[in-house]
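I opened this model to look at how its parts meet and at a handful of single residues. My entries follow in the order in which I looked things up.

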Amino acid sequence: MSGGTQRVATVEARDEAAPDIALITLRLPTPAPVPPPGSHLDVTVRLPGGDETRSYSLVDLGHDGLLRIAVRRRRDGRGGSVWMHSLTPGDEVQVAGPVDEFPLNPGSAPSVLLAAGIGITPVLGLARALRSRSSDYRIVYAGRSCEHMAFAQELEAAHPGLVTLAESTRGGRVSPAEVVAGVPRGGVLYVCGPMGLLRDVRQVWQQEGRSPADLRFETFGTSGDHPARPYQVTVERLGVTVQVPVGTSMLDALQAAGVEIMYDCLRGECGLCRVRILESDGPVDHRDVFLSPRQRAEGRQMCACVSRIAGHGVTIDC
Ligand code: FES
């Protein structure tokens, strides 16, 4: 999804927020109004196969006329984050937005903010806004170790006593059940992290009969249960077979071959790109948050925009 009018922004600075995480400061040609917390910027990244759009949450909201985004370098990605890490001051990038798709609840319900990895970026702005409202909130931030968790120290300093760091290398882990239990009834849970975490949290949330409107999430479809590997997809009724390389989605591969598939979010949330699996020689690596646990276990459908096959080939109908 695009953030509307395209503008050219200039890179003011690129700093290291943590290992493999760049903090990129951008200046717009004319200052934008300060966007709501949780907003993101759509950036056009240059890839060998052509330009693509990536969405990056704003680390802060540009009160000084500058916009800052944090980008984690993905070594198994399609190259967008590597291209972003190559930017230097003075470079120009095409941007659209800011776009507000992860808004704060307007009410005064207690809030828990759960971030994992680079998912901390929108949470920074949300937490700042909750603090300025004197809201009842707390933050759970999961990552490898404090040294690898961008903005961990700033977060603790800005929200004393309200931040729980779960460092996996030090035995810390996030239990979706505990996080959900820590949200008072009627409270709101904001989650930004990998698909697997979102799925697990959503499952507990549903099991507890909580209101879907009180679970707000932002996804990044980067992590599956299996390493990404190339595979082949065949659309039986069309007699079309294409390769799906690492770094390319099934949806992209099929579209490039002229196969029409409906889609919208491209983030595994809306289910519009679902295809029916007729046969597969490997398990489906579901990376969406749309399908239910039962649908995933049945293995008869998958979201072509984010999910993959952990095998050599799959035959589908779409
Ligand atoms: S396009 Fe929304 S789930 Fe794939």
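**Entry 1. The interface of domain 1 and domain 2.** I looked up the contacts first: 15 residues of domain 1 touch 14 residues of domain 2, where contact means heavy atoms within 4.5 Å. The model is predicted, so I note that local features need pLDDT of at least 70, side-chain atom pairs count only at pLDDT 80 or more, and totals for chains, interfaces and linings use all residues. Residues are numbered from 1 along each chain as its sequence is written, and side-chain values use heavy atoms, with hydrogens and water left out.

The protein chain is split into domain 1 (6–99), domain 2 (111–220) and domain 3 (231–317); such bounds come from an automatic or database domain assignment. I find 23 Å between the C-alpha centres of domain 1 and domain 2.

The size of an interface is often given as the accessible area lost when the parts come together. Here domain 1 and domain 2 bury about 1,100 Å² between them, with 68% of it on carbon and sulfur atoms. Buried area is the accessible area (1.4 Å probe) that two parts lose on being put together, summed over both. On the side of domain 1, Pro37, Ser57 and Val59 lose the most area to domain 2, together 36% of what that side buries.

Entry 2. How many salt bridges cross the interface of domain 1 and domain 2? The rule, a side-chain nitrogen of Lys or Arg within 4 Å of a carboxyl oxygen of Asp or Glu, finds zero. For polar contacts across the interface I get one residue pair, both at pLDDT 80 or more. A polar contact is a pair of N or O atoms within 3.5 Å; within protein, one must be able to donate a hydrogen and the other to accept it, and residues adjacent in sequence count only if both atoms are side-chain atoms.

Strands E1 (6–18), E2 (21–27), E4 (50–60) and E5 (66–72) each supply at least two residues of the side of domain 1 that touches domain 2. E4 gives the most, with four residues. Helices (H or I, at least four residues) and strands (E, at least two) are DSSP runs, numbered from the N terminus.

**Entry 3. His40.** I place His40 in strand E3 (residues 39–47). His40 counts as buried because its relative accessibility is 3%; buried means under 20% relative accessible area, exposed over 50%, and partly exposed in between (1.4 Å probe, protein chains only). Not counting residues up to four places away in sequence, His40 touches Ser55, Tyr56, Ser57, Leu58, Pro98, Val99, Glu101 and Glu218. The side chains of His40 and Asp42 are joined by a polar contact of 3.3 Å. His40 and Ala96 are 56 residues apart in sequence, yet 9.3 Å apart in space, C-alpha to C-alpha.

**Entry 4. Ser145.** Ser145 sits in the loop between strand E8 (137–143) and helix H3 (152–158). Is Ser145 buried or exposed? Its relative accessible area is 5%, so Ser145 is buried. A polar contact of 3.0 Å links the side chains of Ser145 and Glu147. Leaving aside neighbours within four places in sequence, Ser145 contacts Glu167, Thr169 and Arg170.

**Entry 5. Backbone.** I looked up a cis peptide bond between Gly97 and Pro98, with omega about 5°; Pro98 lies in strand E6 (residues 92–100). Asp20, in the loop between E1 and E2, has a positive phi near 70° and is not a glycine. Asp20 is partly exposed, at 26% relative accessibility.
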